[in-house]
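The sequence and structure come first, and the notes follow.

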Amino acid sequence: MQIPGHIDPVVTHRSITPRGDGRIDLMGLNHLQIRQLFEESQLDAKAAKLRSKQVFHWIYHRGVTSFEVMTDIAKTMRPWLADRFVIGRPEVVEAQVSTDGTRKWLLRTDDAQDYEMVFIPDADRGTLCISSQVGCTLNCRFCHTGTMRLVRNLTPGEIVGQVMLARDALGEWPKGNMASVADDDEDDDDVGHYTADGRMLTNIVLMGMGEPLYNFDNVRDAMKIVMHGDGLGLSRRRITLSTSGVVPMMARAGEEINVNLAVSLHAVTKEIRDEIVPINRKYGIDELLRACAEYPGVSNARRITFEYVMLKDKNDSDDDAHELVSLIRQYKLPAKVNLIPFNPWPGAIYECSDPERIKRFSNIIFEAGISAPIRTPRGRDIMAACGQLKSSSEKKSRAELDRLAEEKQAALG
């Protein structure tokens with residue numbers, strides 16, 4: 001599917017993270033892909049099947065980065081693996097910790113592209129916000145990432161690698177109830193029953209840099225590994241995919257990934273949403289909400305989350321709140337609304353709504369029987385809050401950024 005907007009050359013379906021040393025990075029590959037690589041490297045089929053399952057378990061359940069520590073693999077076999085393969089991690093360029101405990105990592109790919117991820121600790125959960133692309137093509141006007149061009153999609157390994165790196169940094173790996181990989185070659189979707197068990201990283205949100213549904217194949221493959229019972233084993237109920245409204249891909253996301261859905265709505269009128277979320281010019285509010293109503297598995301127990309950034313005198317009136325309630329009722333959506341105070345960034349043209357206005361907006365929605373919590377800003381002092389992520393993969397003048405924004409909007413028609 002064509003990505004709307006101005007884009008740089010992008011490899012859209014690269015599944016293996018490239019390396020300069022000629023070895024193949026196994027990070028982001030499932031056990032069937034690992035098995036195929038072993039067979040292509042002249043390992044006989046029976047040995048390849050066994051070794052691939054062992055290696056998969058060591059990589060994703062134990063979190064190891066060296067073949068030498070794989071004690072159930074013969075010592076003579078380990079150098080053979082190390083000569084041909086590697087278990088990668090993103091390079092950490094910078095790690096920052098906010099005064100509120102939020103952590104942000106600036107990461108670098110093997111081809112020197114930078115992207116970011118954020119860990120947000122709370123009393124009852126720890127949420128990892130991961131990126132799916134370097135840059136973004138959507139140009140949401142309130143979002144710092146939107147001032148970047150789309151440099152390229154992240155591979156499954158670069159997406160899963162963020163989760164692995166966070167577990168490394170937090171010093172924890174799941175030890176809960178993990179189903180074994182089935183012998184059936186087609187069974188690659190085992191979902192474990194991981195629970196928090198006192199661990200810090202309990203939830204994942206695809207809300208970092210990029211639009212996940214414009215990197216669908218790689219995001220899907222990465223999340224299947226994250227959910228796999230013999231690996232990280234994180235329940236799909238603990239994973240949320242956020243989209244700005246790529247309507248044609250939403251049903252497929254529900255069918256093939258089946259995680260929780262969050263929609264970056266941010267406005268209730270065509271005029272305002274066209275301005276601040278330009279993809280609305282391609283897929284309008286009505287079309288988007290119909291897709292939400294049809295999202296597989298949506299129910300009162302599994303609601304759609306609508307993200308709504310609060311912009312002063314732009315989308316925060318009582319009328320806006322009442323219209324939001326009307327739209328949710330019109331499409332009979334099991335929904336909750338996350339109200340996000342705007343997080344400023346250099347050059348932003350918007351201001352955050354006043355606290356009293358945000359509270360009034362929230363009350364109107366709550367009074368209609370719809371949950372509308374106000375998100376507490378986290379990590380603002382290290383530019384880790386929602387809408388503030390941006391890497392240095394490209395540095396453009398203000399005039400160049402404005403020109404790119406105009407090109408993106410023109411392309412969306």
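## Basis and overall make-up

A residue is called buried when its relative accessible area is under 20%, exposed when that area is over 50%, and partly exposed in between, using a 1.4 Å probe and protein chains only. By that rule, 57% of the 413 residues of the chain count as buried. The model is predicted, so local features need pLDDT of at least 70 and side-chain atom pairs count only at pLDDT 80 or more, while totals for chains, interfaces and linings use all residues. Residues are numbered from 1 along each chain as its sequence is written, and side-chain values use heavy atoms, with hydrogens and water left out.

The chain has eleven helices and 13 strands; these are DSSP runs numbered from the N terminus, with helices (H or I) of at least four residues and strands (E) of at least two. A contact means heavy atoms within 4.5 Å. Among contacts in the chain with a separation of 6 or more, 70% join residues 24 or more positions apart.

## The annotated cysteines

An unreviewed UniProt entry places the feature "binding site" at Cys136, Cys140 and Cys143. UniProt positions are given in the numbering used here, feature names are shortened, and annotations may be inferred rather than shown by experiment.

Cys136 is found in the loop between β7 (133-134) and β8 (152-153), and Cys143 lies in the loop between β7 and β8 as well. Cys136 counts as buried because its relative accessibility is 9%. Cys143 is also buried, with a relative accessible area of 17%.

Ser317 sits in the loop between β12 (304-310) and α9 (318-330). Its relative accessibility is 28%, so Ser317 counts as partly exposed.

Leaving aside neighbours within four places in sequence, Ser317 is in contact with Arg357 and Phe361. Ser317 and Arg357 are 40 residues apart in sequence, and their C-alpha atoms are 7.8 Å apart in space. The side chain of Ser317 also makes a polar contact with the side chain of Asp320, at 3.0 Å. A polar contact is a pair of N or O atoms within 3.5 Å; within protein, one must be able to donate a hydrogen and the other to accept it, and residues adjacent in sequence count only if both atoms are side-chain atoms.
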